[in-house]
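Here are my notes on this chain. Please read them against the coordinates.

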Amino acid sequence: MEKTLTVAQSLRHARHDFLNELQLIKMNLDLGRPQEAQAIIRSHAEAAMHASRLSDIGLPLTEEWLLTANWRFPGFNFHVECPALKAPTHLDAEFRRFLEHFVESAKQRLNPYQAFYGSILLASSAASFEMTITCPGNWLDLDVLETHGFTVRKECSEDSTLIAVRAQMEG
């Protein structure tokens, strides 16, 4: 089931996360660890750059899902990177539906006390767009949503799983 967040709830989560990160930076500075504080700042600057690119590729539903997933699904932690310059905008709702189904299926495999750490990469070329989900562990039996408009590839090894969703560019 999809849980939507109000703007106020999203801002509350963002404010909480921001204050936690400021505390972490302050703690590292107080402990005389400026390199660690700088690494946190660099990490957030990079995340902001990827979020900006994500907002430019024309997938508002997917963007909202990616930006709120860590709040909507406690225990799930996604690191999102977006070097993509464009996307097949007509598939926006399908990408969001795929991601929602992915998390719901993954929740069935996790015990309630187990955290999920994964990364999502959105990349594009002139001819295609690909969203790649990478996570630790072998998820061979994970149910992935097949849909018209893109292809899904799942590769599992003993210690990691890669799920690639690929679509052709419009035009």
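**Notes on fold and salt bridges**

1. Along the sequence the chain runs α-α-α-β-α-β-β-β-β. Helices (H or I, at least four residues) and strands (E, at least two) are DSSP runs, numbered from the N terminus. The radius of gyration is 17 Å, close to the 16 Å of the globule rule for 171 residues, so the chain is as compact as a globular protein of that length. That radius is taken over C-alpha atoms; the rule is 2.2 Å times the number of residues to the power 0.38.

2. This is a predicted model: local features need pLDDT of at least 70, side-chain atom pairs count only at pLDDT 80 or more, and totals for chains, interfaces and linings use all residues. Residues are numbered from 1 along each chain as its sequence is written, and side-chain values use heavy atoms, without hydrogens and water.

3. The structure holds nine salt bridges (a side-chain nitrogen of Lys or Arg within 4 Å of a carboxyl oxygen of Asp or Glu). One of them joins Glu64 and Arg96, with the closest N and O atoms 3.4 Å apart. Glu64 lies in helix α3 (residues 60–72) and Arg96 in helix α4 (residues 92–109), so the pair ties together parts 32 residues apart in sequence. Arg96 is buried at 10% relative accessibility, while Glu64 is partly exposed at 34%. Buried means under 20% relative accessible area, exposed over 50%, partly exposed in between (1.4 Å probe, protein chains only).

4. Arg72 and Glu100 also form a salt bridge, 3.0 Å from N to O. Arg72 is in helix α3 and Glu100 in helix α4, so this pair ties together parts 28 residues apart in sequence. Both Arg72 and Glu100 are buried.

5. Salt bridges also link Glu130, Arg153, Glu155 and Arg166 in a network.
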